[in-house]
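Take a look at the chain shown here. The paragraphs below walk through it step by step.

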Amino acid sequence: MTDIKTNPMRALDRLGIEYKVHTYTEDPRLTGVQIALMLGEDPDRVFKTLVTVSKDRRYCVFVVPVGKELDLKKAAASVGEKSLSMMPASQLLTVTGYVHGGCSPFCMKRQFSTVVDSSVADGDVTYVSGGKVGVQLELSTKDFLTAGGFKISDISREASGI
């Protein structure tokens, strides 16, 4: 456990939801998959939080496994938009209150439409950022979905590249 208390942890505490805190040393060279493996977690159960923006500056949040990519066409369709683009990392803190690598789907500055990839239903446990780089939260998938009230949709695709 850690002495760190982040806003997502406080929110889960208020809801009476149990979670475990996992910490790691920040290293910008590490990918989400590498961090998951380093912590002994299944990369298919570790989710990253991504923020997009529509042409009319509507922000939407998407949560996908660290080993996959957000499919922008599927994502746009899931929130009724024609197209979306990724929010520049430089705007993340101002809009969400989080920095790149520490963005949690819980407790953003404002409530945004948030969609979680349908693969979340494939397991009993879900890991997400604790709201600070180097901090992950492990909670039951049921509690994760209950706490967030998230929409679920098929929004990811296999990662290309590397």
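What follows moves from the whole chain to its sheet, then to one helix and a group of rings.

This is a predicted model, in which local features need pLDDT of at least 70 and side-chain atom pairs count only at pLDDT 80 or more, while totals for chains, interfaces and linings use all residues. Residues are numbered from 1 along each chain as its sequence is written, and side-chain values use heavy atoms, with hydrogens and water left out.

Start with the whole chain. Its secondary structure comes to five helices and 10 strands. Helices (H or I, at least four residues) and strands (E, at least two) are DSSP runs, numbered from the N terminus. The C-alpha trace spans about 45 × 35 × 30 Å along its principal axes. For 162 residues, a compact globule would have a radius of gyration near 15 Å, and the chain agrees with its 15 Å. That radius is taken over C-alpha atoms, and the globule rule is 2.2 Å times the number of residues to the power 0.38.

How much of the chain is buried? Of the 162 residues, 46% count as buried. Buried means under 20% relative accessible area, exposed means over 50%, and partly exposed lies in between (1.4 Å probe, protein chains only). The accessible surface of the chain comes to about 8,700 Å². Carbon and sulfur atoms hold 51% of that surface. These areas come from the Shrake-Rupley method with a 1.4 Å probe; for residues, only the protein chains shown count as cover.

Contacts reach across the sequence. Among contacts with a separation of 6 or more, 61% join residues 24 or more positions apart. A contact means heavy atoms within 4.5 Å.

Now turn to the sheet. Strands of a sheet pair through backbone hydrogen bonds, either parallel or antiparallel. Here five strands form an open sheet in the order β5-β2-β3-β6-β9, with mixed pairing. β5 (85-86) and β9 (151-153) each have a single partner strand, so one side of each is left without a neighbour in the sheet. Two strands pair if DSSP finds at least two bridges between them.

Follow β6 (residues 113-117). It runs parallel to β3 (residues 59-65), and four bridges join the two. C60 stands opposite S113 of β6, and V63 stands opposite V116. β6 also pairs with β9, in the parallel sense, over three bridges. There, V115 has K151 of β9 as its bridge partner. Four of the five residues of β6 are buried, so this strand is largely enclosed by the rest of the structure.

Next comes helix α5 (residues 141-148). Which of its residues are buried? They include T141, F144 and G148. These three cover an arc of only 60° around the axis, which puts them on the same side of α5. The arc is that of the directions from the helix axis to the C-beta atoms. K142 and T146 are exposed on the other side. The cover over the buried residues of α5 includes β3, β6, β7 (125-129) and β8 (135-140). Just after the helix, G149 takes a positive phi of about 60°.

Finally, look at the rings. Rings of Phe, Tyr and Trp (its six-membered ring) pair if their centres lie within 6.5 Å; planes under 30 degrees apart count as stacked, over 60 as edge-to-face and the rest as tilted. By this rule, the count comes to four aromatic pairs. One of them joins F106 and F150, tilted, at 5.7 Å centre to centre with 40° between the planes. F106 lies in the loop between α4 (89-96) and β6, and F150 in the loop between α5 and β9, so the pair ties together parts that are 44 residues apart in sequence. F106 is buried, with a relative accessible area of 6%. F150 counts as buried too, at 11% relative accessibility.

F150 also pairs with F144, again tilted, at 5.0 Å centre to centre and 40° between the planes. F144 counts as buried, at 0% relative accessibility.
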